[in-house]
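This briefing is intended for a reader who has the sequence and the coordinates at hand. Please keep both in view while reading the points below.

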Amino acid sequence: MEIRKRCKHAVGLTGHRKIRAWRECGCTWGVDLYIDGVRKWHNLGNDEQDARARAHTLRAQLIGGNPIRKTPGKGFSDLAESWYDQRAADPKSRPASLKQWRLRKEYAVAFLGDVPVTALTRDHLQRMVDGISDEHTPKVAAGVATFVRTVVNAAARMGVAGVPLLDFRDLIPPQQTRGKTHTVTELKRIIEKMDEPLAGAAELALLTGLRRGEILGLHTDDVLPGGLDVRHSRGIDERLGPTKTRKSTRIVTLSARGREIVDHRAGEVGAGLLW
């Protein structure tokens, strides 16, 4: 029963080079087990020697006909899956947010695996952040660290005994400054070069501060005499969902130019989404 990793650090490598790459990265070791004809992946933790010992134990259980069970409610991967499943079942969860949480969950589980939350340390978190930062931006690493903190806090609220108080400060390297920002005058010049109807949507965003998804989620029914009734957001999958936060549901007043843009667009579409 050979242990291996499912991360991307050894893609294209073979033999000793693959093993060396696996040993240098901080991802979780695991093993594929065929149980009742179904292949299932079992995380075995970050430590190679401990993973080999656990794989040997699993093999002995299979040979002896003993059922293999995970300890529910203690391993990080179990808690992460449970937390995500609860969010996925919530009709108020936006599809874009679910996609983001799912990706963060996969990154976190790849590094932490079935490590009990009661055994998590600052070193676990630092290895995870360093490993993610090698291939992604600090923003991605910060998002995964936030997901881990959320899962750990959820475990504490669930009553899991012995959840440590982890220090998440200064885990993430400082982010590089973003590129050049534009003044309002420069943005207006950019909008002037855009084609309709996107130019109107961009100018409305500049005038009102509405998010991209909020503008794309505007319906003709949302146009009020006093402004706009912001109730929905349209994601990258074109599906309408709730706004980013509950407080984002609001009435936005319009300037004379904003009213002109909205009325013109409403007249073009007749009924339905404005953009």
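The model is predicted. Its protein chain contains ten helices and seven strands. Of the 275 residues in this chain, 36% count as buried.

**Overall make-up**

- The protein chain exposes about 16900 Å², and carbon and sulfur atoms account for 51% of that area.
- When contacts between residues at least 6 apart in sequence are considered, 57% of them join residues at least 24 apart.

**Nonpolar cores**

- The largest nonpolar core comprises 43 residues. Within this core, the residues with the most contacts are Phe76, Leu120, Met128 and Val148.
- At least two residues of this core come from each of the following elements: helix 1 (15-24), strand 1 (29-35), helix 2 (48-63), helix 3 (76-89), helix 4 (95-112), helix 5 (122-133) and helix 6 (138-158).
- Helix 6 provides the largest share of this core, with nine residues.
- Another core, of 15 residues, lies apart from the largest one. Among its members are Ala201, Ile215, Val252 and Leu254.
- Methionine 128, one of the residues with the most contacts inside the largest core, is in contact with Ala108, Phe111, Leu112, Val144, Ala145 and Val148, leaving aside its neighbours within four places in sequence.

**A buried serine**

- Serine 77 is part of helix 3.
- Why does serine 77 count as buried? The residue has a relative accessible area of 4%, and buried means under 20%, so serine 77 falls in that class.
- Not counting residues up to four places away in sequence, serine 77 touches Asn43, Val109, Gly113 and Asp114.

**A nonpolar surface patch**

- Ile190, Met194 and Leu198 make a nonpolar surface patch of about 260 Å².
- Isoleucine 190, one of the patch residues, belongs to helix 7 (residues 184-192).
- The relative accessible area of isoleucine 190 is 40%; because this value lies between the 20% limit for buried and the 50% limit for exposed, the residue is classed as partly exposed.

- An open sheet is formed by three strands in the order 3-4-7, with antiparallel pairing.
- Strand 3 (223-224) and strand 7 (250-252) are the edge strands, each pairing on one side only.
- Strand 3 and strand 4 (residues 227-230) run antiparallel and are joined by two bridges. A hairpin of two residues links strand 3 to strand 4.
- Strand 4 and strand 7 also run antiparallel, and three bridges join them.
- Which residues stand opposite leucine 228? Valine 223 stands opposite leucine 228 in strand 4, and leucine 228 in turn stands opposite valine 252 in strand 7.

Definitions and conventions: Residues numbered from 1 in each chain as written. Predicted model: local features only at pLDDT ≥ 70, side-chain atom pairs only at ≥ 80, totals over all residues. Heavy atoms only, no water. Core = buried A, V, L, I, M, F, W, Y, C linked by side-chain atoms within 4.5 Å. Buried < 20%, exposed > 50% of the residue type's maximum accessible area, 1.4 Å probe, protein only. Helix = DSSP H or I, 4+ residues; strand = E, 2+ residues; numbered from the N terminus. Contact = heavy atoms within 4.5 Å. Patch = residues over 30% accessible without salt bridge, like charges linked within 9 Å, V, L, I, M, F, W, Y side chains within 5 Å. Areas by Shrake-Rupley, 256 points an atom, 1.4 Å probe, with all protein chains shown as cover. Salt bridge = Lys/Arg side-chain N within 4 Å of Asp/Glu carboxyl O. Pairing = 2+ DSSP bridges.
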